[in-house]
Amino acid sequence: MHELGIANSILEAVRTEVSRYPGQYATKVCVRIGELSAIDEEALRFSFEVLSRETDLEGLQLEVEFCPRKHRCRECGEVFIVRDYDIRCAQCASLQTECCGGDELAIAYLEVEEYGTSAVGTKSTE
Amino acid sequence: MERVPLERKVLSENDRIAAELRARFQEHGIVCLNFISSPGSGKTSLLERTLASSPRSERIAVLTGDIQTENDANRLKVYGFPVKQITTGGTCHLDARMIERHLADWPLNQLDLLLIENVGNLVCPSSYDLGEEAKIVVLSVTEGEDKPLKYPSIFFKSDLMILNKIDLLPYVPFDTTLVVENARKVHPGMEIVKVSCLTGNGLDEWLTWLQKRRQARKETQAEAVR
């Protein structure tokens, strides 16, 4: 249950980034989570909501982009998604493949909006 | 609305400190190993056996993490090597900053081997780089053969799996062939050593693995000096 710390790191990163855009606020943050990153999405969402509640980031949307485990074939260069732990190359059946994706834990992008425009995820002023 | 691309690791601050630690370990020729397992798999027993078999002249130190108590440090101190307890006070893993803080008053130039015993947990410690050269996952035969499949992250990221408590094999339904198969499904080619910290069975193989790592580090170090 380290998702609380992860959520806190995400919110801190958002705060740092958004401070570089005066007059704007963050509406959405997209986080990339790999299959091998040992992060539970539900626990992360829960922590994120609890930590942002009644703060400057209340209402910030969390988008999660799930990244499956990927391998690259050393023989033919094919990049393929590993399903059910089968690491054989999908193209040439070689077992000489290496992991090239699936342990991501990164912030992909942030969406910011100018104050005064209607925000995503919050009620319109009209 | 404007979209700002970030492409920044969530744990970038931890990774930055871990990279600094790794550079310092390399500079001093230290092999740093991060031991991870469920609670009760035998990390402390393995370290006890390791320290007991090492001459006192060896330059070894241990950091041991737990949520509460100094029990593990007290167990490990009797072997005469420097040992420090890290009590996290609730946090379920060690992070790079804790390592940095606890190493602050240890002269690294007097060390060759740093053993870090993480908090007993197969999930969270796998996300936090401590600057180690290798992670080692300890699994015991009283756990399920499917642990590698249930917790793929740590088995994928560890260089070595130590299967402990093999003295209990006659009494528990545990298929060692299957656990090896599962570990290598998640981590093809993973090195695996089977030991009993109670009887000492298999420990030679573990100590040989450790010796090889230390030798390799010495050679890299000598290469760098040349």
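Mentor: Let us begin with the idea of a contact: two residues are in contact if their C-beta atoms, placed from the backbone, lie within 7 Å. Please keep in mind throughout that this is a predicted model.

Trainee: Leaving aside its neighbours within four places in sequence, with which residues is B:Val62 in contact?

Mentor: Once neighbours within four places in sequence are set aside, B:Val62 is in contact with B:Leu47, B:Leu76, B:Phe81, B:Val83, B:Leu115 and B:Glu117. B:Val62 itself lies in strand 3 of chain B, which covers residues 60–66.

Trainee: Is B:Val62 buried or exposed?

Mentor: A residue is called buried if 20 or more other C-beta atoms lie within 10 Å of its own. B:Val62 has 24 such atoms within 10 Å and is therefore buried.

Trainee: How should I read the sheet around this residue?

Mentor: Strands of a sheet pair through backbone hydrogen bonds, either parallel or antiparallel. In chain B, seven strands form an open sheet in the order 4-3-5-2-6-7-8, with parallel pairing. Strand 4 (83–87) and strand 8 (191–194) of chain B stand at the edges with a single partner strand each, so one side of each has no neighbour in the sheet. On average, and with direction ignored, neighbouring strands of this sheet are turned by 20° against each other.

Trainee: Which residue of strand 4 of chain B is the bridge partner of B:Val62?

Mentor: The bridge partner is B:Val83. Five bridges join strand 3 and strand 4 of chain B in the parallel sense. Helix 2 (residues 43–52) of chain B packs on the sheet and touches several strands, including strand 3 of chain B. The direction of this helix makes about 160° with that of strand 5 of chain B.

Trainee: How is a pair of helices described?

Mentor: One considers the separation of the axes and the angle at which they cross. The axes of helix 1 (residues 3–18) and helix 2 (residues 41–52) of chain A come within 8 Å and cross at roughly 55°. These two helices of chain A are therefore oblique to each other, and their crossing is right-handed. Among the residues that make the contact are A:Leu4 and A:Ile10 of helix 1 and A:Leu44 and A:Phe48 of helix 2 of chain A. By class, the residues of this contact divide into nine nonpolar, three polar and one charged.

Trainee: How many residues does each chain bring to the contact between chain A and chain B?

Mentor: Chain B gives 23 residues and chain A gives 23 residues. On the side of chain B that touches chain A, the largest share, eight residues, comes from strand 1 of chain B. That side has 13 nonpolar, four polar and six charged residues. Six bridges join strand 1 of chain B to strand 6 (residues 105–114) of chain A, and these strands run antiparallel. Within strand 1 of chain B, B:Val4 is the bridge partner of A:Leu110.

Methods. Residues numbered from 1 in each chain as written. Chains lettered and ligands numbered in written order. Predicted model: local features only at pLDDT ≥ 70, side-chain atom pairs only at ≥ 80, totals over all residues. Helix = DSSP H or I, 4+ residues; strand = E, 2+ residues; numbered from the N terminus. Buried ≥ 20, exposed ≤ 12 C-beta atoms within 10 Å, placed from the backbone. Nonpolar A, V, L, I, M, F, W, Y, C, P; charged D, E, K, R; others polar. Pairing = 2+ DSSP bridges. Axes fitted to C-alpha atoms, helices over the stretch in contact; angles between N-to-C directions. Parallel < 35°, antiparallel > 145°, perpendicular 65-115°, else oblique. Left-handed = near helix turned anticlockwise from the far one by under 90°.
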